[in-house]
Amino acid sequence: MAIALSGAAQLKTATSGDLVFDSWTPSADMVAILVVAQRIETVAIVSVTGNSLTWTLVRDKNAGRVQCGLEVWKGVGSSPTAGTTTVATGVGATVVSGIIQQFSGIDTTTPGEADDVDTHG
């Protein structure tokens, strides 16, 4: 089965607090990929929740100068629900942007190289 984009991407930016995406409806048995960019790398993403998906950190990279960071999360679920997705930062003032895109044709039962979390920057 070929991997393919599914549906429209969800985009959001927050200038303070948590990043909360507008309501959207994920499809069952697809993979949602969330990419989050932080202006200040020392601001850790505390959690990602929403849509009855199980969200797992895939990658955490920083620019090496504590200037910006990038995290990739994977969301999967057999019975997702409509609603918002929340990226909790645990802080007040910082700029955080994100995009969520769904993909079909991904085998979620066999871990691949990208599933090995790299937290070493």
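Leaving aside neighbours within four places in sequence, with which residues is Thr85 in contact? The residues are Leu19, Val20, Phe21, Trp24, Val48, Thr49, Gly50, Asn51, Trp55 and Ile100, where contact means heavy atoms within 4.5 Å.

The model is predicted, so local features need pLDDT of at least 70 and side-chain atom pairs count only at pLDDT 80 or more, while totals for chains, interfaces and linings use all residues. Residues are numbered from 1 along each chain as its sequence is written, and side-chain values use heavy atoms, with hydrogens and water left out.

**Overall architecture**

The protein has eight strands and zero helices; both are DSSP runs numbered from the N terminus, helices being H or I of at least four residues and strands E of at least two. Buried residues account for 33% of the 121 residues. Of the contacts between residues at least 6 apart in sequence, 82% join residues at least 24 apart. The accessible surface comes to about 6600 Å², and carbon and sulfur atoms contribute 55% of it; such areas come from the Shrake-Rupley method with a 1.4 Å probe, and for residues only the protein chains shown count as cover.

**The sheet around Thr85**

An open sheet is formed by three strands in the order β2-β7-β4, with antiparallel pairing; two strands pair if DSSP finds at least two bridges between them. Strands β2 (19–20) and β4 (47–50) stand at the edges with a single partner strand each, so one side of each lacks a neighbour in the sheet. Four bridges join β4 to β7 (residues 85–88). Thr85 lies in β7, and Gly50 stands opposite Thr85. The side chains of Thr85 and Asn51 are joined by a polar contact of 2.4 Å, that is, a pair of N or O atoms within 3.5 Å; within protein, one must be able to donate a hydrogen and the other to accept it, and residues adjacent in sequence count only if both atoms are side-chain atoms.

**Accessibility of selected residues**

Buried means under 20% relative accessible area, exposed over 50%, and partly exposed in between (1.4 Å probe, protein chains only).

| Residue | Relative accessible area | Class |
|---|---|---|
| Thr85 | 0% | buried |
| Asp60 | 17% | buried |
| Lys12 | 27% | partly exposed |

Asp60 is found in strand β5 (residues 54–62). Its C-alpha atom is separated by 9.9 Å from that of Val35, 25 residues apart along the chain.

**The salt bridge**

One salt bridge is found in the whole structure, the term denoting a side-chain nitrogen of Lys or Arg within 4 Å of a carboxyl oxygen of Asp or Glu. Lys12 forms a salt bridge with Asp22, with the closest N and O atoms 3.2 Å apart. Lys12 belongs to strand β1 (residues 4–14) and Asp22 to the loop between β2 and β3 (31–38), 10 residues apart.
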